[in-house]
Amino acid sequence: MTTILGINVFALLGQLLVGLINGSFYALLALGLAIIFGLLRIINFAQGALYMLGAFLAWLGLQQLGLNYWLALVLVPLAVGAIGILMERTLIRPIAGQDHLYSLLLTFGVALILQGAFNHWFGSSGQSYPIPDALKGGNNLGFMYLPTYRGWIILVSLVVCLATWWTIEKTRLGAYLRAGTENPQLLQGFGVNVPVMISLTFGFGVGLAGLAGVLAAPVYSVSADMGANLLIVVFAIVVIGGMGSIGGAILTGLAMGVIEGLTKYFYPQASSTVIFMVMVLVLLFKPAGLFGKEA
Amino acid sequence: MNTLVRSATAGLRLPLSQPHLGSALLLLAALLAPALIYPVFLMKFLCLALFACAFNLMLGFVGMLSFGHAAFLSTGGYVTGYLMINSGITPELGVLAGTAASALLGFLFGKLSVKREGIYFAMVTLALSQLVFFFYLQAPFTGGENGMQGIPRGHLFGLIDLSDNLAMYYFVLAVFLIGFGIIFRTIHSPFGQILTAIRENEPRAVSLGYNVRQYKLLAFVISAALAGMAGATKALVFELESLTDAHWHMSGEVVLMTLLGGMGTVFGPVVGAAILVAIATLFSGGELGNYIHIIMGFIFVTCVLAFRRGVVGEFGHFMHKNFPASGFGRPQ
């Protein structure tokens, strides 16, 4: 009973799992972009490069300092977030009054520098990062075999995404953030330190990319280009979902991962392009995006 | 409502008193250049300069940042290359076909993207061009990772053999001048004035009754067509079309050329292309090749932070400030 209606159930479920894992990364990266966009109105083109940096920092930590996976999972996102705050303070803030396209170009330049530097230091061939002992092996779920680490990725991504969504939509801190999105001057007038809030928000959004990088290190090979192509897919996802809501970014990210997984099973030739095609359809029928608020 | 280039528009335009003298000198220099400089280097520069000028028509004069212009450069190259290999048409018809194909692709891109503004427009064009990249990666006729090799240069009008580099150079120069002329006329036409009005204040243009999306779409098609013309010519020069031209790095490079030279200026992209081609040639091969993307990144960051007018824009601004009588940098 492995085939139903000519469909190999095990292969299909396997691709769905791969899709969910990819979707977990899409959701984390799209969430980071959405949070940063909400307050700063800029798209961080360096998000992919910072994801790569997160993976490399985890790998370097293990190689050079013997920093284990669990410590890396906590420390690396903090380090990447700190780098993000530094970037916001030194590079993005000076051009805050300029057209937002300049900040896109600026972060694109930062991405080129980071990718070029890591390409120069470590070459283009990937480095491998061992799966931590506690997450090795897998479970037979009866209908499919689930490697523990892959389940872990989905779990961490879902927990982080939901916690972020809950914080922004349901807590007082989130209310400040949403107020800052609507009207930063007024919020400043109420005594909230908006510049510090902007820095921390940027740091958090970028830290999510760092976290995604650490999660990705054991399953994808760690290389300088790992973030670049991923980021373009995430851009398409952002266009599909629209920038209207935090929940929209998470849902679209996961959904597109699953759609990509399904395509890999039914028509593998189109698996690398299906998300872009969905984007074309969305632009035709709902130009503002599925969850978008802007015209 | 696009303030992107408002500050950068005080660009270099030839002094009105002697525009013909300046143009004649530049043309003379272009005609004599192959005696001093390796023609293939010059041809590469001219193709990329045309590419950057075409891109600047959108960024500099309408304020639309396309991050997908590599799709048009490569489409021009692949279509022209395919026809030159398989149908034996003459090169001028091949270039025209490549230009037309890119114009059509530009129309499709434009239809989908002009609804979105600013950052969204950049993301949509980037994603669409990635779709085109994957198409060329998988399509059987492009040769995939190996590229489309052995594209013949052919005989111009069936008469002049272009396999000679000097003959090819003058063909490329002619293509560049035609493309540059089209851009120059477009900018200084009533249509170009409306584009500038859209860039300066889009809601105002809408309220004056202009169908802004149609104007943007037409600007997109012209820009894509000329980018395709540059790609078609480039494919003939190198007798090769590869995925490098379709990659998003190429879309980034053309943004950099325009930013570095001065967006919204007529000559800025040409100067930017010259600088980048020179840097790329200087660093090509050897250990230094690794640094090219790092250097490009630093130029990007420096330009955005401290040098937003670009080389030509800064020069025009300097001349206008210190020598107002010179006629440089007269605001449009």
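This is a predicted model: local features need pLDDT of at least 70, side-chain atom pairs count only at pLDDT 80 or more; totals for chains, interfaces and linings use all residues.
Which residues does it touch? Leaving aside residues up to four places away in sequence, A:Val278 touches A:Ile240, A:Met256 and A:Ile259. For a sense of distance, take A:Trp152: it is 126 residues from A:Val278 along the chain, and their C-alpha atoms are separated by 28 Å.

Now let's look at a pair of helices. In general, two packed helices are described by the angle between their axes and the distance between the axes. Here I picked α5, residues 148–170, and α6, residues 172–182, both in chain A. Their axes come within 5 Å and cross at roughly 75 degrees. Angles of 65 to 115 degrees count as roughly perpendicular, and that is why α5(A) is described as roughly perpendicular to α6(A). On the α5(A) side, the contact is made by A:Thr167, A:Ile168, A:Glu169 and A:Lys170. From α6(A) come A:Leu173, A:Gly174, A:Leu177 and A:Arg178. Sorted by class, that contact has three nonpolar, two polar and three charged residues.

Next, the place where the two chains meet. How many residues does each chain bring to the contact? Chain A brings 34 residues and chain B brings 36. On the side of chain A that touches chain B, helices α4 (100–122), α9 (226–241) and α11 (274–285) each supply at least two residues.

Let me finish with chain B as a whole. Its secondary structure comes to 13 helices and four strands. The radius of gyration of chain B is 19 Å, close to the 20 Å that the globule rule gives for 332 residues, so chain B is as compact as a globular protein of that length. Along the principal axes, its C-alpha atoms fill a box of roughly 50 × 45 × 45 Å. Of the 332 residues of chain B, 52% count as buried. And among the contacts in chain B with a separation of 6 or more, 78% are between residues 24 or more positions apart.

Terms used: Residues are numbered from 1 along each chain as its sequence is written. Chains are lettered from A and ligands numbered from 1 in the order in which they are written. Axes are lines fitted to C-alpha atoms, for helices over the stretch in contact, and angles run from 0 to 180 degrees between N-to-C directions. Angles under 35 degrees count as roughly parallel, over 145 as roughly antiparallel, 65 to 115 as roughly perpendicular and the rest as oblique. Two residues are in contact if their C-beta atoms, placed from the backbone, lie within 7 Å. Ala, Val, Leu, Ile, Met, Phe, Trp, Tyr, Cys and Pro count as nonpolar, Asp, Glu, Lys and Arg as charged, and the others, Gly among them, as polar. The radius of gyration is taken over C-alpha atoms; the globule rule is 2.2 Å times the number of residues to the power 0.38. A residue is buried if 20 or more other C-beta atoms lie within 10 Å of its own, exposed if 12 or fewer, and partly exposed in between; C-beta atoms are placed from the backbone.
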